[in-house]
Amino acid sequence: LLECEFHVLEGLEFALVVHHPYRSFAPFVKDCGLDEKSQETVWRLINDSYFTDLSLLQPPYIVTLACIFLASLSDEVDLKEWFCELNEDMK
C-alpha cells in the first residue's frame with residue numbers, strides 16, 4: 001500500500017480537502033427546531049455517514065439535510081413544511 005500511495009495521490013490530483021457536514025448542523029437544527037433527542041440522532045447519522053463515501057460525493061449541507069430528514073422519520077417529527085421552505089430538491 002505504501003508503494004502505491006503516491007500513485008493514489010496523483011490520481012486524486014492531491015485534492016485531499018473534504019468539508020464535513022458538522023458546520024451546517026447547528027444552523028439547520030436551530031432553524032427547524034428539533035428537540036434534543038432528534039439532535040442526537042442527527043449527530044449519530046452524520047457520524048455514520050463517514051462509513052460511506054457520501055462526503056466525497058455530495059456537498060456537506062446535503063449530507064446534513066439528509067441526516068435531519070432521516071432523524072425526523074425515525075423520531076416521528078413532522079418537518080415537511082420546513083423542508084418545503086428550503087427550495088431544495090428532496091430526491
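**Entry 1: Thr-64.** I started with the neighbours of Thr-64: leaving out residues up to four places away in sequence, it touches Pro-21, Ser-24, Phe-25, Phe-28 and Ile-46. Contact here means heavy atoms within 4.5 Å. Thr-64 sits in helix H5; helices (H or I, at least four residues) are DSSP runs, numbered from the N terminus. Thr-64 counts as buried because its relative accessibility is 0%. The cut-offs are under 20% relative accessible area for buried, over 50% for exposed and partly exposed in between, with a 1.4 Å probe and protein chains only.

**Entry 2: ground rules.** I note that this is a predicted model, where local features need pLDDT of at least 70 and side-chain atom pairs count only at pLDDT 80 or more, while totals for chains, interfaces and linings use all residues. Residues are numbered from 1 along each chain as its sequence is written, and side-chain values use heavy atoms, with hydrogens and water left out.

**Entry 3: H2 against H5.** How do the axes of H2 and H5 cross? I found that they come within 10 Å and cross at roughly 40 degrees; axes are lines fitted to C-alpha atoms, for helices over the stretch in contact, and angles run from 0 to 180 degrees between N-to-C directions. H2 is therefore oblique to H5, given that under 35 degrees is roughly parallel, over 145 roughly antiparallel, 65 to 115 roughly perpendicular and the rest oblique. On the H2 side I listed Ser-24, Phe-25, Phe-28, Val-29 and Cys-32, facing Pro-60, Tyr-61, Thr-64, Leu-65 and Ile-68 of H5.

**Entry 4: H3 against H5.** Here the axes come within 8 Å and cross at roughly 130 degrees, so H3 is oblique to H5. Among the H3 residues meeting H5 I noted Thr-41, Val-42 and Ile-46. Thr-41 lies in helix H3 (residues 36–49) and counts as buried because its relative accessibility is 10%. Beyond four places in sequence, Thr-41 touches Ala-71, Ser-74 and Asp-75.

**Entry 5: the core.** How many residues does the largest nonpolar core have? I get 15, with Cys-32, Leu-34, Val-42, Ile-68, Leu-79, Trp-82 and Phe-83 having the most contacts inside it. Such a core is a set of buried Ala, Val, Leu, Ile, Met, Phe, Trp, Tyr and Cys residues joined through side-chain atoms within 4.5 Å. H5 gives the largest share of this core, five residues.

How values were computed. Helices (H or I, at least four residues) and strands (E, at least two) are DSSP runs, numbered from the N terminus.
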